[in-house]
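I opened this notebook page to look up confidence, the chain interface and the ligand site, in that order. The entries follow.

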Amino acid sequence: MQMSDEIKISARDVNVHYGDTHAIKDVDVDVLDKMVTAFIGPSGCGKSTFLRCINRMNDTIDVARVDGTITLDGEDIYARDVDPVQLRAKVGMVFQKPNPFPKSIYDNVAYGPRIHGMARNKADLDEIVEKSLRRAALWDEAKDRLAQPGTGLSGGQQQRLCIARAVATQPEVLLMDEPCSALDPIATGQIEDLIDELRKNFSVIIVTHSMQQAARVSQKTAFFHLGNLVEYGDTDHIFTNPEDPRTESYITGRIG
Amino acid sequence: MTATMFIAVLGLAAVAFLLSRQRAYRIAGANLSALHSRPAYHGTYSLLWVLVVGWGLLLALSVASSVLIEANLSARIAEALPDAPEIERQLVLSDAVAIAEGALPSKTGDLRAEIAARHTSLQAWRNWAIVILVSAGALLATAATWSQVALGWRARNRAEKIIRLILMSMAGIAILTTIGIVLSLIFETLNFFSNIGWRIDKFLFGTTWSPLSGVHEGKLDPDKVGAVPLFAGTLLITLIAMLVAVPVGLFAAIYLSEFASRNVRSTVKPLLEILAGIPTVVYGFFAAITVAPAIRGAGEAIGLSVASESALAAGVVMGIMIIPFISSLSDDVINAVPQSLRDGSYGLGANKSETIRQVVLPAALPGIVSAVLLGVSRAVGETMIVVMAAGQGANLTANPLEAVTTVTVQIVMLITGDTEATTAAGPAFTLGFTLFCVTLAMNIIALRIVRRYRELYD
Ligand SMILES: Nc1ncnc2c1ncn2[C@@H]1O[C@H](COP(=O)(O)OP(=O)(O)OP(=O)(O)O)[C@@H](O)[C@H]1O
Ligand SMILES: [Mg+2]
């Protein structure tokens, strides 16, 4: 396994408040390029919140306040001159809850490429849609019903549709918030293969509640607890000999 | 007297409730779960029976006795005045009642005094009868239901059944009145059509509207009941109104729900809704006194001849009236679009305008369409503004600067005009029925669309 040590995203002293709730406390973390980083931790510990800081999705929540610095390729993403719209084209996201648009399956996947003018003609677009659906392991189920609404798919199919939609825009960083929560083992395996493949070109951050999944797909793991980043390091290391007692009790199933 | 009995029954019902509940507690002893129904249900069951029996008897006896008393008095009057016309006997009766109740009769006399005395004594009898019968009925109901209280007595099921029947009869009343109104519309419409020799085509497609021009000869002329000018006028004004209301209302809604800060939203939205609270008669004279002359002035300044009452003035003001409907309904549906859809769009790098145009509006479209349709049915049925500002002449024109008339205006003219109501009613009812069909169709379509839209997210 070849590892580059290039830092893709670097966070320093990140704090997030939702009104009076202090959701993220002084988090420092360096996410490496072309690598899969897993965020694990008990429910409500702030994994999604931290993930949303990385593509500035917290901007859309009125009560949310983000302090500290986060850099992408060395550039501060919270700087005044950064356009969050452009940032999000580079940092894609798959949300915790599947949120297909009330449009056809095809239009769902084509949404990003159309907006960013990634296809020169219909054939190009068809190709992007097919490739994305294949990568998200949805093509076989969806190829005959591309014109039907995405909201008519099953929960797991919707989740894969959202993955396809995010992959279609070719982001440099892909944030995946529990992308396999509604998937069966076969589809989960296919998504994990996809993550492994994406790693060749992109960095991927995946939030997961499955220790096995974190161990299988990630090279780095970050353990969050009550808004703190408790431990961050090589996945092998964290799962075999965690340094913090809280990490140990979480991965052995005693808290969470 | 009736009011006193009404309250007395209520009081007795409360007592019955307490008694039965008490008895249920006593029968159950320490072991409450041995009762099929909780004590309060035994009480409720008694209460309902007492109310139904008591109030039912009260109503039935009051009505029946009034009829009987009147019949008795009329018989006596007929005996005394065998040759008098019906109207005079009626007069005697109403004078007698007035004397009996201490009010002012139009005339006095022996017969009237006698009838009045008779009325007084019959009333006294009747009051006693009612008091005794109603009390007896209510007491009987109390006793009967009280003695039925037992461990296995299914008071809850029975009480619920009574309540269901009461609710059902209320719903029945509402439905029956609606059906009655619709039936009378249909009946009058058919009547009108038969009076014009079933030339329904003349009504629907004829272009001359002057329905009362032949009534002096006692018949309706099928050639003069062409409603097309009214339909055209309604359509023209509705069109103008929607041209004003849809863009303004929709853009206001988009601004309020997507761009405005919380403060702006919380002040502007109620302000917009004040527009909806202004009575349409105010809009009407605003249109007639302010807007119409202004439009005429402006038209003359650029060399156009504008009638002093114009479709444009009425339409524009009607549009203003409809703005709050469209904006507030659209604002609601736009807000109901789940935030997660917007997030999904932003997460793919879309900007605000792309998100609104490609995700939010398409998702809200069915709701917006139904808001517009509801606005249209308001416009079609609106009366006050057009009566004052659009004119009365049944011109067939597409020129918004001329006076036109609408279906609603013609109904007003027919009903408030000098012609006898029964003659004018035919065309008026027919127009009303047409209007009813159009608005009904529009409301049904709008509701359909809204329902489909709900299914998408729930
Ligand atoms: N929009 C919001 N407004 C207010 N508080 C929020 C909001 N979103 C999250 N929080 C709070 O922030 C804290 C962290 O939430 P977050 O969603 O990041 O948890 P999580 O680690 O993703 O949990 P899970 O594993 O259940 O998804 C929680 O206490 C939550 O209540
Ligand atoms: Mg989460």
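This is a predicted model: local features need pLDDT of at least 70, side-chain atom pairs count only at pLDDT 80 or more; totals for chains, interfaces and linings use all residues.

**Confidence.** Residues are numbered from 1 along each chain as its sequence is written, chains are lettered from A and ligands numbered from 1 in the order in which they are written, and side-chain values use heavy atoms, with hydrogens and water left out.

I then went through the elements, which are DSSP runs numbered from the N terminus (helices H or I, at least four residues; strands E, at least two). Chain A has a mean pLDDT of 91, and 97% of its residues reach 70 or more. Within chain A, helix H7 (residues 185-198) is lowest at a mean of 90, and strand S3 (residues 36-40) is highest at 96. I noted ipTM 0.91 and pTM 0.76 for the model.

**Interface.** I found 21 residues of chain B in contact (heavy atoms within 4.5 Å) with 23 residues of chain A. The buried area (accessible area, 1.4 Å probe, lost by two parts on being put together, summed over both) is about 1,700 Å², and carbon and sulfur atoms give 62% of this. On the chain B side, B:Asp343, B:Gly347 and B:Leu348 lose the most area to chain A, together 33% of what that side buries.

I counted one salt bridge (Lys or Arg side-chain nitrogen within 4 Å of an Asp or Glu carboxyl oxygen) between the chains. A:Asp62 and B:Arg262 form a salt bridge, with the closest N and O atoms 3.1 Å apart. Helix H11 (339-347), helix H12 (352-381) and H15 of chain B each supply at least two residues of the side that touches chain A. H11(B) gives the largest share of that side, eight residues.

**Ligand 1.** I listed 13 residues around ligand 1 (a heavy atom within 4 Å), of which A:Ser43, A:Gly44, A:Lys47, A:Ser48 and A:Thr49 come nearest. For A:Lys47, a side-chain N or O atom is 2.7 Å from a ligand 1 oxygen. For A:Ser48, the corresponding distance to an oxygen atom of ligand 1 is 2.6 Å. A:Gln96 has a polar side-chain atom 2.8 Å from an oxygen atom of ligand 1.

Conventions
A polar contact is a pair of N or O atoms within 3.5 Å; within protein, one must be able to donate a hydrogen and the other to accept it, and residues adjacent in sequence count only if both atoms are side-chain atoms. pLDDT is the predictor's confidence in each residue, from 0 to 100.
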